[in-house]
Amino acid sequence: KIQIHRVIGASKKKHQDTENLELCLVIGFMSMRRESGRLTIGELASKMSRLKVVGENLSEEERDSYIHDLYQNSDEDVDFELFLKVYLKLQTFASSRTGNNNAKNSSAFLKVATTTLLHTISESEKASYVTHINNYLAEDEFLKKYLPLDPSTNDLFEYAKDGVLLCKLINVAVPTTIDERAINTKRLLNPWERNENHTLCLNSAKAIGCTVVNIGTQDLIEGRRHLVLGLISQIIKIQLLANLNLKKTPQLMELVDDSKDMEELMSLPPEKILLRWMNFHLKKTEYKKIVTNFSSDVKDAEAYAHLLNVLAPEYTNQSTLAVKNPFERAKLVLEHAEKMGCKRYLTARDIVEGSPNLNLAFVAHIFQIRNGLSTLAKQSSLLESLLDDTQDSREERVFRLWINSLGNSTYINNVFEDDKSLSDGIFFLELLSSVQPRAVNWGLVTKGVTDQEKMMNATYIISIARKLGCSIFLLPEDITEVNQKMILTLTASIMYWFLKHPVVEERTSSDSESQVETISNSTLDDSASDFSAEDNT
């Protein structure tokens, strides 16, 4: 009995320590963000000095160097999910430096923390996505008897439980992804049929580019709000950004001056292309700022007012720029957008509060309705020469979608184009760590700056892959020189091993399958979620 009591006491203390750490991180994050109204990647190194472990065991220079290696855009806004990921990576790095093996504890904390902290959803986002579903699926033969959904209720999560709605939404985003004859659409489905629908949904979501790390069919059957909303957010985002590339919209050539700029444009993710498009039109106006994000830079709605005046001058309202109140200006901007035929993806409050997901959706929809670019009589020969060979595109797409479905911190937009930053080997070490978390000893990894460091990482990659059981035939030089075809064979070997040996992790709680890498796109709300952790949020 004494031994049992000791074990229980130790367990309670460990649980209490975890809760204390969670609380400290939440308070720390909100405090940092409130100091200047936002928190960026470039500020993390100095501001994290006040945090335990990473502040005590790493100098600011070490933290800054490590963070810069992971994230090159120092002006990127940091939400709580990204803050937690950086903290855990720094904690692991600090532990490897001091000789303390805290990696396992970090992994356990990762699961607990995401269970209790990251389940807050945005009601504005939910309402926006419900409106999107009502608009695009209103004429669906099976769903129209259930639509429109009421955004003020939990209808969205209830009707997602049988998998039909999610499968249909995937086909809206990328038509013909799912042969709808394969969807079980009876009025009352048995558990086996529901599970089949959700299996079809998750695998199809991965196939179009969604990151669904550790979301299981049971999560969707139970209608876990943060996971369902996160998946829907990704599907809608893919739909809205589908045309933001040179293949679908060759008029984007107008944004560049020469072949070098075009190569850069082709390698950018859709969000960055959208920002470049927005700034391209803003240069025609009196607006002198550069928009770098869909949050703080658009809060005052001035950039929107100028953009819409360029795209749809016939609806210009002189009072939009004259009013001093950002909220009133945001309302006039939305009125202008509606006259253009844009659907409501956000409210004036969402604009002034800087909701990144909804502002991104708003701008993407404006681009779809009226992009303001000149119509080309014929495609440039320069464009045709730069576009990938069809077969290469298919191969690249397969590996890119699989890699991104793992939820790595590095998002791949094009396996070939992003070959420019693969020579240091860090990405492939992250990939190996994703498919088998215990595979890589990060204390042995170099920064990959010099040729010698790159070669050390490359030889380590090959050995770790072979240690897992992958059949590897390329040489270290193929990695450091970024040999495209050989890089694909390496990726294929890792992918083949992963499909044969999927990582199975124990659940530490009933909700532990939601890891930080699950892209829920729902951030911690300062005012509405001060340490509250309801089961369904």
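**View 1. Confidence along the predicted chain.**
The protein chain has an average pLDDT of 78, and 77% of its residues score at least 70. Among the elements of the chain, the lowest mean pLDDT, 42, belongs to helix α6 (residues 103-117), whereas the highest, 95, belongs to helix α15 (residues 302-311). Where pLDDT is low, the predicted coordinates should not be read in detail.

**View 2. Helix α15 beside helix α17.**
The axes of α15 and helix α17 (residues 326-340) come within 9 Å of each other and cross at roughly 25 degrees. Because angles under 35 degrees count as roughly parallel, α15 is described as roughly parallel to α17. The crossing in which α15 passes α17 is left-handed. On the α15 side, the residues that take part are Glu302, Tyr304, Ala305, Leu308, Asn309 and Leu311, and in α17 they meet Arg329, Val333, His336, Ala337 and Met340.

**View 3. Helix α22 packed with helix α25.**
Helix α22 (residues 426-435) packs with helix α25 (residues 484-500) at an angle of about 10 degrees, and their axes lie 10 Å apart. The two helices, α22 and α25, are therefore roughly parallel to each other. From α22, the residues Phe428, Leu431, Leu432 and Val435 meet Ile487, Leu490, Thr491, Ile494, Trp497 and Phe498 from α25. Of the residues in the contact of α22 with α25, nine are nonpolar and one is polar, while no charged residue takes part.

**View 4. Helix α9 and the helices that cover its buried residues.**
In helix α9 (residues 164-173), nine of the 10 residues are buried, so this helix is largely enclosed by the rest of the structure. The buried residues of α9 are Val164, Leu165, Leu166, Cys167, Lys168, Leu169, Ile170, Asn171 and Ala173. What covers these buried residues of α9 includes α7 (123-136) and α8 (155-159), together with α10 (191-207), α11 (217-221) and α12 (225-240).

Note on methods
Residues numbered from 1 in each chain as written. Predicted model: local features only at pLDDT ≥ 70, side-chain atom pairs only at ≥ 80, totals over all residues. Heavy atoms only, no water. pLDDT = per-residue confidence, 0-100. Helix = DSSP H or I, 4+ residues; strand = E, 2+ residues; numbered from the N terminus. Axes fitted to C-alpha atoms, helices over the stretch in contact; angles between N-to-C directions. Parallel < 35°, antiparallel > 145°, perpendicular 65-115°, else oblique. Left-handed = near helix turned anticlockwise from the far one by under 90°. Contact = heavy atoms within 4.5 Å. Nonpolar A, V, L, I, M, F, W, Y, C, P; charged D, E, K, R; others polar. Buried < 20%, exposed > 50% of the residue type's maximum accessible area, 1.4 Å probe, protein only.
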